[in-house]
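Trainee: Could you walk me through this assembly? I would like to start with how the chains meet.

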Amino acid sequence: MIEFLQVLILGICLGFVYALMVSGLTLIFGVMRIVNLAHPILIICGAFVSYWLFILIGLDPILSIPIAGLVVAALGVVIYKLIFERNAAQQTYSEMTVLLTFGTAMVIDGILSFVFHNTQRTTSPSYATDAIFIGDIFIPLAQLYSGLVSSVIIVGLAVFLKYSDFGIAIRATSQNRTSAELVGVNVKFVCLISFGIGCALAGAAGALVSFIFSFFPSRHWEWIAIMMSLVVLGGMGSLKGAVIGAIVLSVVSSMVGAFISPAWSTMVFFLSLFLILIIRPKGLFGIQSD
Amino acid sequence: MVSNQTELIMLGVMKILKEKGSFLLNNKKIIPFLILIVLTGLPIIQFFGNYNYLIHIVLFSFLYITMSSSWNIIGGYGGFISLGHNVFFGIGAYFSGFIFVRYGISPFITALIAGLVAALFGFVVGFITLRVKGPSYIISSIALLMIFRILFDRWELIGGTHGMTLPHNTFPVEWSKIPHYYALLLLMVLSIYLSWYIRHSKFGLALRSISHDEIKSAVTGINVKIIKVTAYALSAYFIGAAGAIWGDYLTYVRPNIFFIILIAANMVLMCILGGKGTVTGPIIGTIVMIFFNEFILAYFGATELNIFFTGFLMIITLMYFPEGIVGSLKKRKLLPGFLDWG
Amino acid sequence: MNSLLNINNLTAGYGYGPDIVRDFSLTLNKSEVKCIIGPNGAGKSTLLKSIAGILKPRSGEIFFDGEKISEKEAYQIMRLGICFLPQERAIFPNLTVAENLRMCAYSIKDKKVAEARIKEAIEMFPVLGQRLKQIAGTMSGGQQQQLVYARAFTIKPKIIMIDEPSLGLAPSLVEQTFNHITQIASSGIAVILVEQNAIRGLETAGYGVVMDLGKLVFEKPAKEVLQDQSLRELYLGKALEK
């Protein structure tokens, strides 16, 4: 029972981190219908920013979240301007846009691999190896902190989307681009900013990832499918769905890892993606692409 | 002075080409036939020295032309962009490799059966994944690849992450590649023929209409499901067979060689670069890509940059000429007839 | 050039397709109501779309209050004071009514003004006030229609363009809709109306503009159009016989 509770808590903490990892992905999809396969590599970019800040000036990864977010957001805006802006206007050709993001992921992967090589890295702040005990339940601080920080960021994002004018404009644009334009929303600007926010979220997630997982540039291929399974379960384009999907799958995969075999825990994500395909043949996404 | 001379020669060549060449260039059969004869006779050069590198590059091109032509059946004609198509490559390699290691039957004998296994498997997977289109399909194809990577990494019977080592053949070094050369040449010719045949058949017409609009196709009486899944299985067949030969060529079969997304990315890129949905597009795209890759390897050496350049080329192609080389030339009516197979 | 809207020799079309609107010119004065009628495919909706900036004109110019708007983005044109209500219901079905109203007032920079305008609109359509928390898409057709027209009173544009307001509506709703339009017109907003139900449209309008094959056929006071027997046969729904 105690072991079960412990795995459950760890799964939930990790689930929030996963939710943060996919929140940007689902936001970008909602507004622009771009399935951004480059999102995981952007998370790794964020992780590298935190890693070097930690190594060079000893900055705590949690404190480096804003910097990682800003750096990755800037990178994202550049990518958007160079590659996606002309495609974002026309929502057709979405398959080609997916391949464009795929190409972008390869480009960034290539650069990172070339510069830093594919060695496993992780930041090790003082709490990375610590843990607290609640009764007999043992909770590693790294997971606890990252889960808490993630949930704070996600709540902040949700509040922003729910109550601010710009947030409502983002949601309106994702529902109907033309209608939004007709009430005076500068849709191109909204797209740019949403992409930037999405990438900032990736960067923030990267800072947390840097001390709870070990990371290396090519790892993002594995994350692509994992992250897709999370958003697809909850319905792509919806933040609430992404959080629920992330927590459910994270808990299930932690359970599989703890009680069956760690080797099979990632399989949970991929299999769930396939199961959803079988159950919901209309498409993986809550919002239809066209 | 020199430039003047070259200019004159160029003009002369152009003149001859214009007079005699246009027939040659526009005849659909002569040039491909000549190329085929040259390729069949190419290994003779091994009598005059060790041209292993050249043989390697050519047979590597055969491999990828086979794969990108096959990918084109479902990705180009059918419109299902699969980023996990090398699953079939791996399945073929593992099937034949396993039989070779266990029972000593050479992959050259089992390659066509390996293709069948891959196709059969494609049939089953197709029934599940081809229900969705567009981005959903792309993602499910990546997930398929990931599932296989994990499965084969964990499957101890076939060696887990270390895979299997296959026995070498006993030929002298300059001849050791020749069986693979001819096997892959044969597979390439067959796969191009299949692609050409589908392009001009009623089946291919149905497939292309499905890629435009599934519902309208269904209304005209096309059995959408069967056509899609059959096309998927057909596109898996030669990839599986090529995988079997490739496993034997490498003399080892390992998940991190066969189940990596870069192979699928290459297939997709070669096909799009050449022009997806055309018969000759994947061939041209593959040749250009392989030259490009060799160039990059020669100048930059590092393999990490390879993925960078592949991605870069993909972005440039998609942004500036999404119809690919053959498609763009055809649109401007500049495509020589011998490349215009539909 | 004192009129509110000037369309000079406008030509427009989609993608690589043929011209849908050809060499079309029209002026609209302050508080004028013009109803554009014509057969299917005459280019009426295309005309409105190119005025609104959703579709970029191929040639010709559009001036609003003396300012050239034919090269501006749709949101800029809207902010200048041209509100366009397209055929498909122009609400955000997954947002709440309150959020929809906030979106209506999005272009108003002054928060206090925006709030006051929303209040005004709610007073005009009390049903909306009772349902502020409801998801807009779950309201009845009539209520959604009210939400659409609330936009006119929130934004207070100088021109409102309405594309096929009665399309696909139940007869009782058609009546309600035309009441809204009359209400808008009487508040001093100029209206361009495109309507299949030509007689009903002309009854609301001051001028009738007949459009066919992308071109302006003629423009007359609405009453004359309604009375003209040959026109009735040609454009107001009676079968064409010769």
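Mentor: The contact takes 40 residues from chain B and 44 residues from chain A, where contact means heavy atoms within 4.5 Å. This is a predicted model, in which local features need pLDDT of at least 70 and side-chain atom pairs count only at pLDDT 80 or more, while totals for chains, interfaces and linings use all residues. Residues are numbered from 1 along each chain as its sequence is written, chains are lettered from A in the order in which they are written, and side-chain values use heavy atoms, with hydrogens and water left out.

Trainee: How much area do chain B and chain A bury between them?

Mentor: They bury about 3800 Å², with 84% of it on carbon and sulfur atoms; buried area is the accessible area (1.4 Å probe) that two parts lose on being put together, summed over both. In chain B, the residues that lose the most area to chain A are B:Pro135, B:Ile139 and B:Met319, together 16% of what that side buries.

Trainee: And how many salt bridges are there between chain B and chain A?

Mentor: The count is zero, a salt bridge being a side-chain nitrogen of Lys or Arg within 4 Å of a carboxyl oxygen of Asp or Glu.

Trainee: What about chain A and chain C, how many salt bridges there?

Mentor: Between chain A and chain C the count is five. One pairs A:Asp165 with C:Lys111, with the closest N and O atoms 3.7 Å apart. This contact takes 21 residues from chain A and 22 residues from chain C, and the area buried is about 2000 Å², of which carbon and sulfur atoms give 59%. On the chain A side, A:Gln175, A:Leu182 and A:Val183 lose the most area to chain C, together 35% of what that side buries.

Trainee: Switching topic, which helices and strands does chain A have?

Mentor: Chain A has eleven helices and two strands, taken as DSSP runs numbered from the N terminus (helices H or I, at least four residues; strands E, at least two). The radius of gyration of chain A is 19 Å, close to the 19 Å that the globule rule gives for 290 residues, so chain A is as compact as a globular protein of that length; the radius is taken over C-alpha atoms, and the rule is 2.2 Å times the number of residues to the power 0.38.

Trainee: What share of chain A counts as buried?

Mentor: Of its 290 residues, 63% do, buried meaning under 20% relative accessible area (1.4 Å probe, protein chains only).

How values were computed
Buried means under 20% relative accessible area, exposed over 50%, partly exposed in between (1.4 Å probe, protein chains only).
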